[in-house]
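This briefing covers side-chain contacts and strand pairing in one protein model. Please consult the sequence and the structure shown below before turning to the points that follow.

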Amino acid sequence: MADTTPSQQPEEMPTIPANCSNGLASNGPTQLPEESDTSQGQTPVGPDPNQNQGIPTEHRYVFYVHVKPGETFSIRQGDQIQTITGPANVPIYSNTPNPPIIPVQGGQYVQQVIQESDGTHRIIFTPPSPGGQMPPHLAPQMYPHHGGGMYAPMMPPPSGGGMPPHMYPQMVAPGDGSGVPHHLPPHMYAYPPQPAPPQCNSPELNHNTVYGHVEPQQRPSLHRPRSRDDGRADRTRDRLQKKLQQRQEKNMNMPLLYNNNNPHKSPSMSPLTTENGLSRPNGRKKGYNGVENDIGDDPERKRRRECLSNIQPPVTSNIQTRSVTVRWSPPFMENADDDSSQDEQIDHLPFTYDLLLSEKAKDSKMRTMYSGPDMEFVIADLKPATEYHLSICAILDDITGQPSKAAMFKTLSCAPAIPAPPKLIQRTKNSISIKWNAPADNGSRIVSYTLECEKDKKFEEVYKGQQKQYRVTKLEPSMPYTFRVAATNEIGTSEFSPEACYSTAGSVPQQPAPPKLVKVAVHSLTLQWEKAANDIYSFTLEMEDETNRYGFQPVYCGEELSYTCNSLARKSLYKFRLNATNDQGSSMWSDVEMFTTLADKPGMPSKPTLKGKVHSNHFKVNWDPPKDDGGSDIIAYHLEINDGNNGPFELVNKGAETEFICDNLQPGHTYKLRVCCVSEGGQSRYSDISQITTLPVAPGPCHPPRLTGKPKASSLNIRWAAPEYTGGSSVSEYLLEMDSVDDKSTKEVYRGQDTDCMVSGLLAGRKYAFRVRAFNRAGGSPFSEYFFVTTGAGPPDAPVVPSFICKSPHVVVVSWHTPCGNGAEITEYRLEWATTEGSFTHHYVGPLLSHEVKALQPATYYYFRVQAVNSAGPGPYSAVATCVTPPSSPGAVTHLELLANTAYSLEVQWKAPNNYGSEITSYNISIGEKQLITVNGSVTETLLEGLVPDMKYRIRVQAVNSIGVGHYSAPLKVSTLPLPPDPPRLECVLCGHQSLKLKWGENSKSIEAKLLNYTLQMEDRKGRFNTVYSGSSLTHKVSKLNELTPYRFRIFASNDAGNGPMSEIFSSTTVKAPPPPLKAPKVKNVSQESCEISWQSIEPMQGDPILYYLQYQRTKDKDYKQAYRGPGTVTKLDFLQANMEYRVRVCAIRQSVEEPGDLIGAYSPGAIFRTQNDTPIKEVVSEKEKIVKIERKPLTDEQWAAIIVVGFAVCAILIALLVAQFMA
């Protein structure tokens, strides 16, 4: 029998265990010392306390194993066994308040945790029952935890009570360190062993890592030192052993229960339930949202809910300033039935989890941060240096368990938050006083603030200290300045605040110029003025209205440079004046300006009315002037008229009269009229529309009637159209008359409203004349012209074979004779033609007896036939006549193209044209003004030689046969290739110590020079020329050269014709290099009138010595003064003014040995220092004693280094003393 008592290690303990936790967090058994005599009871058990010194002291715990006199306790460490003989008190080191797993020898032990009244925990190890096996009803369910070992859940008490709720019997396995005994069946534990957590040196863990328990400082009652009264411990142990034996005897015959879905055993759970970390008997559990789960009376659902509530607190790791990684384990599925026990295999149960978070400082409610099946989650967007509480809630199907106990963690501190922009307190012409508020410190006290001011487009530090306001002096009047501030704590510096711009004070503005008129309207005037100075922030505009006699009244006050005065009277005069205002006051009033508003549009006149009688082509209208003239006289009236056909209105009168005669109108037509008036204010709206209709007249004459269909022997179908002009009234009837040409008789054949009539009873082959007349309500129209028509007759006969005459190879004249008309005159002839490869088509239709056929092909057969047509229809075709056209000169050459070209020749090709009946004998080629080139007719390509390079040519080709020459082809415009270009002349336009800029080409703006490609080559040390540039540019800069070194170059140009020759070799030499710029000089030993200045040295450059030139100036002056010139790097400045700020700078000078003249390098950045104050020490005398206030001097770098070394030494000594005390 052995027990352990945990106690929190005091904060001054200098050592902690090497691993992040005790044996529970390791992947193996607790580390023990080698086997030795432990009768002293002081041999430490656990990891070496000297291996880990980076974990805070508040997280260190010591567990003591008490072995009674006469008893032995065997502990196995690897392959070694350590036997502890009582009495003994062995300490075990741990980093968490959880009791460690102790690997024991001789089988597993039942580990029970008992909480004493003084807050300490007692762990009792009970040996197993005889036979090496535990009773099934006492075998606790094993579960994995964060350390990779196995812990048993809370054992249920026997029915009727007996075991307090704070007793936690646990199973410890001595096997492989996983916490699972080798001899137990698989159903004795719920989960397989899990890997070990990372060690303390892993970046995922820090001192705030919590493994399912609240941090020790939040649970002081659990870590009070355990009392050393052994008698009291023995009595407690005996009492617990008796209770355990009674429970074992009562549960020996308890039947086993099996789940239908899981054959493994599951021990029963206690009927006690927990809520918010407290135990209450047989109560109903509520969810984390405060709503009680409705599970009814189903015992299975109650059991599952109680099992889901048995979940360990979540584990935190990798705690950062704004994030933390949280892990958790599944719940322990146990049965709460007293009469049965049952295991459930939960390896693959569909658990979901709700991760709850609350902020301790605000005492806020839990909020859900994650909901899902994973068992790890990273919480982001947290507040730095803030304590949080975490709980986990398990959900299975629709059953939700109670949240776990809260695990607390605290985020890390960081740099302060970004401050708000600084605010203005007071300003003068030469200073600005500003203040700022302290931002959130994020867990670390703010030690200083840095204020910067923008000068010359660059921010400079003007203040650094703990004050939250500062007065910036030595500023220019009426100038804007931009400020920003940053906060610094022990961790770092925040980002700068948003910029704030404030201006210094100035003088009163000068008298502004009078406002100018930008836009004028009827009821408004838009004025504009200029801003003479930047410090003006307001303008005041006053207006005087002479009608109200109130004088000048303000109408605008603001920073805008324009204003629109509204609600003014039309056509009225107004006076304006302006003044400007800044921080110092207001300026004088400007000169007075007068402006007048515009007149308004006049009102709408009355609509036009008829005056007198209306006629067929004119009428007279009048109207009344508008009631409102808009403030000005009416200039004119615009009368518009519309013909009523949805067309636009047209202007018919423009004048000052109020009446007008509308003439040249159409009879019987309705017209729309409207009128508007015009004044200085513009044009008014149009009046209402009036409608007036003129009187109708007789209709106009109709068009001659026409024949519908074919004339028959005894009838004709005559049709006519309505007259184009109806006289303003619809046509009521028509009258059709017929005249016989033979007997000259007239007869009315139709009267009615229709526009067609069938005239019958006519004689065949006779000629008749028809005319028509229309009537309306005003009368009848004149008769139309006569329409002559002849009654029906037969088609004509076929003409004789047509004859032809060939006028040329392309023109043939075809003629024929008139056939018999068969009672009707032949109206037209139809000539058709065809070739040997096609059918007959119409070529001519007309009354002539001959036709000239053009555009024929020479030496081709053509076929012709003719047909006559009269009123009865077309007659039959004549016999076919055959015609052969004579041969002709060849056609024009086509498809002329260029095959190849060189600088002196062109090769062309063409396609042979049609020879038109005569073979082609030759081709003539024209290339411009030169003589024609003739080639054989059997070839269709040729090579033109002896041409001029880079010359454009216009080539044409014509074919020749025995008849003559054909037409020239379309011209082909080609050019010969140019010759390769000559090399340009090289010259150096810019010479440096590391580069040479070369230029070539005389005319850089010419197009030909830009089209060329240039290749620049440079000679290397071995005498070979390498290409350094190739392109169309006319300049190139050769870089990475050595100083005072000659270089040789050559160049050639190239184009489409090829590469040109190389130029002559051009040589150029680089110059000497100036010395490099120096760093800012250092200022030491500053007194009231002198200081010591030093700067870095430079090695001689290629034998040339180096001198140094030092200048200084007062910061309020503009010019620098020479302080030193020489080879040294240290000098002393004397005769300085006390309490004055100075700036010094230095540059290097290279003295040339071979050539006259020195090379001066760039000046170093300026170093600013201030001489000491010459004011005497002030003495302040109090009532008790006199205190002499001496000005404090800033510490030098050497003094700061000495302070840091001494601090490190003191810390090392203190740590060594603490380690020695702890080991003792």
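Trp529 counts as buried, because its relative accessibility of 4% falls under the 20% limit. The model in which this residue is described is a predicted one.

**Aromatic pairs**

- In total, the count comes to 26 aromatic pairs.
- The ring centres of Trp529 and Phe539 lie 6.0 Å apart and their planes stand at 55 degrees, so this pair is tilted.
- Trp529 belongs to the loop between β30 (525–528) and β31 (538–545), whereas Phe539 belongs to strand β31; the pair therefore ties together parts that are 10 residues apart in sequence.
- Tyr1142 and Phe1169 form a stacked pair, because their planes meet at 20 degrees, with ring centres 5.8 Å apart.
- Tyr1142 is located in strand β81 and Phe1169 in strand β83 (residues 1167–1170), so their contact ties together parts that are 27 residues apart in sequence.
- Both Tyr1142 and Phe1169 are buried.
- One aromatic cluster is formed by Trp328, Phe351, Tyr353, Tyr370 and Phe377.

**Salt bridge within a helix**

- A search of the whole structure finds 30 salt bridges.
- One of these salt bridges links Arg304 to Glu300, with the closest N and O atoms 3.3 Å apart.
- Helix α2 (residues 299–309) holds both Arg304 and Glu300, which are 4 residues apart, about one turn of the helix.
- Glu300 has a relative accessible area of 33%, and is therefore partly exposed.

**Salt bridges between separate elements**

- Glu640 and Arg674 meet through their side chains in a salt bridge, at 2.9 Å from N to O.
- Since Glu640 lies in strand β39 (residues 636–642) and Arg674 in strand β42 (residues 670–679), the pair ties together parts that are 34 residues apart in sequence.
- Glu640 and Arg674 are both buried.
- Arg1150 forms a salt bridge with Asp1104, in which the closest N and O atoms are 2.9 Å apart.
- Through shared partners, salt bridges join Glu1043, Lys1072, Asp1104 and Arg1150 into one network.

**Charges over rings**

- Arg674 also places its charged end over the ring of Phe649, 4.1 Å from the ring centre.
- The charged end of Arg1050 sits over the ring of Phe1025, at 4.2 Å from its centre.

**A three-stranded sheet**

- Strands of a sheet pair through backbone hydrogen bonds, in either a parallel or an antiparallel manner.
- The strand order β61-β62-β65 describes an open sheet of 3 strands with antiparallel pairing.
- At the edges are β61 (894–901) and β65 (941–944), each of which pairs on one side only.
- On average, neighbouring strands of this sheet are turned by 20 degrees against each other, direction ignored.
- Strand β62 (residues 906–911) is joined to β65 by 4 bridges, and these two strands run antiparallel.
- Gln909 has Glu941 in β65 as its bridge partner.

How values were computed: Residues are numbered from 1 along each chain as its sequence is written. This is a predicted model: local features need pLDDT of at least 70, side-chain atom pairs count only at pLDDT 80 or more; totals for chains, interfaces and linings use all residues. Side-chain values use heavy atoms; hydrogens and water are left out. A salt bridge is a side-chain nitrogen of Lys or Arg within 4 Å of a carboxyl oxygen of Asp or Glu. Buried means under 20% relative accessible area, exposed over 50%, partly exposed in between (1.4 Å probe, protein chains only). Two strands pair if DSSP finds at least two bridges between them. Axes are lines fitted to C-alpha atoms, for helices over the stretch in contact, and angles run from 0 to 180 degrees between N-to-C directions. Rings of Phe, Tyr and Trp (its six-membered ring) pair if their centres lie within 6.5 Å; planes under 30 degrees apart count as stacked, over 60 as edge-to-face and the rest as tilted. A charge sits over a ring if NZ of Lys or CZ of Arg is within 6 Å of the ring centre and within 35 degrees of the ring normal.
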